[in-house]
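Have a look at the model first, then read on.

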Amino acid sequence: MTSAGILAETGSPPLDARSKALRSTVVEAIVAAGRGHLGPAMSLIEIMRTLYDHVLRVRPEEPLWPERDRCILSKGHGCLALYAILADKGFFPLETLATFCGHDSILGGHPEFGIVPGVEASTGALGHGLSIGIGRALALRMRGSKARIFVVLGDGELNEGSVWEAAMAASKHKLDSLTAVVDYNKFQSYGPTSEVLELEPLADKWRSFGFAVSEADGHDVSDLRRALEKVPYRAGRPSVLICHTVKGKGVPDAESNADWHHKNKLTANELTTIRSVLGGG
Amino acid sequence: MRKTSLDMVHALAKRDPRVVYIGSDPGSGTLDSMKKEFPQRFFIEGISEAHVVGMSAGMAMEGLIPYVNTIATFLTRRCYEQVAVDLCLHDLPVRLIANGGGLVYAPLGPTHLAVEDIAIMRALPNMTVVCPTDADEMRRFMEQTTEWPHPIYIRLGKGGDPITSRAEEGFEIGKAILKREPGRLLIATTGIMVHHVLGATKLLAAAGIHCGVVHFHTVKPLDEEALLDLASRVDAVVTVEEHTLIGGLGSAVVDCLSDRLALGKPVLRLGLPDRFTHNYGSQEGLLKHYGLSAEGIAAAVSRFVARPSAVQQPPSLVRV
């Protein structure tokens, strides 16, 4: 188990080529569209990558395969990280990213179910994904399916009371097929979560709501893989993985900088720097 | 009507394995028979309407047909975003069984009076809004709910509401029921107000004013063809609803007549004023207070007919 304090001192391993390439995909989509949530997508890259590379049982050529694991991005504003990995996996062509937020694009600023192959719920309004995941998990259990549910939540999203209504229900129903993954980048739109609405003691909160809790360095693929491959952490309990992340990870000026939450106009100098760091462009 | 709707959920569950019941915190013993027979498809989820609606959406995404049941105001106001996003945006076959539509909870005050529920539900794309008039009609309606592919908001009366529907009228979602052939006027109404409107027409007939009555049990999608046909045969249209005049049946009727260039005749809309109610008592008492008893409706229609600008004058032209 890793605490945020230790992470701050030791740092995550350097980003590898795949992490940089996925970030480049996100950045180029934002450049093409002239808009997009950069910070919230960047903190998610390793989480989404690990889920789709190592954990989820999905079939890109058959997005609605009945026995697939369902991954719901409840923090819909991080959708560029989801789009990047879905395109990488072949759910839709990579070139589609260049149409991000365009009038006729399938890729909006928040993901839509039924429109984007691989997207499991239309999100964007926060605090919805966990309840949807619980409903799906209950229905799947009723029909004897082994499919699992992963719901990726933002930390700011945990301000929503509906998340905690859902948490009680997941525990009541002993949904060990359900895993919540929290992108704990410690920042929300206005500023640090500790100032806007303190979440700590976060792990204890989830524990008290009946979840089995683990924590990981959200930018360390091997740490994430270790934590995500062993869910459920306890039989008969829903799991939560609290991922300690850095908002804007991989983009030096954006890291832990609330000003970059909605950043959509990159200057030529900023773009040059980003492309240089990520090795793209 | 309420008991019938819940009993029908159980009946439907017997023959359709997709049917599940989700209550928030209903009265003790609610649907015990279904709980006993189908414990895996019976859920009591606590006072957490936002979560309950989201959970029902997740179930429907996996092929189930959830019937979600709680008090109307909590099922509309409390979780409006979940209804809009989780149910309507995803266009899922979830049924919202809303206890106490309109003024049913009169003694409990304005937190419990569902008087703008039709307006906010019909504003949502993909939502169907149905207000059965009595228990018999509720049964015929519920029979159809497993095959309707969209979310449905079901507005319940108090229970023990007078039976005015007849088996031969049948029931089809989206198809209005003509209760009384039009005379000089047509009264369009919905839900339990059918009973009060029929009472009013007897009083009006005694005064020489013959009014037809049409029951739009489905407020959305509105049966526009029936409305246009019936409206073309009368001098004026009256709408009566147990709902604010903002956005309910009266608004839907006027929207349709206006959009279809048929607003060439006067329309009188009777309903609740744009203010919170601070009286208590009973549903009947509040209906009377707001002029929506049979006598109140008859009096309003009589005054309307007596207005020189109303029925006797040629229709005003709709300019486009």
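1. The buried residues of H6(A) are Gly129(A), Leu130(A), Ser131(A), Ile132(A), Gly133(A), Ile134(A), Gly135(A), Arg136(A), Ala137(A), Leu138(A), Ala139(A) and Leu140(A). Buried here means under 20% relative accessible area, with exposed over 50% and partly exposed in between (1.4 Å probe, protein chains only). That makes 12 of the 14 residues of H6(A), a mostly covered helix.

2. Please keep in mind that this is a predicted model, in which local features need pLDDT of at least 70, side-chain atom pairs count only at pLDDT 80 or more, and totals for chains, interfaces and linings use all residues. Residues are numbered from 1 along each chain as its sequence is written, chains are lettered from A and ligands numbered from 1 in the order in which they are written, and side-chain values use heavy atoms, leaving out hydrogens and water.

3. Chain A has 11 helices and five strands, which are DSSP runs (helices H or I, at least four residues; strands E, at least two) numbered from the N terminus. Of its 281 residues, 57% are buried.

4. The C-alpha atoms of chain A fill a box of roughly 50 × 40 × 30 Å along the principal axes.
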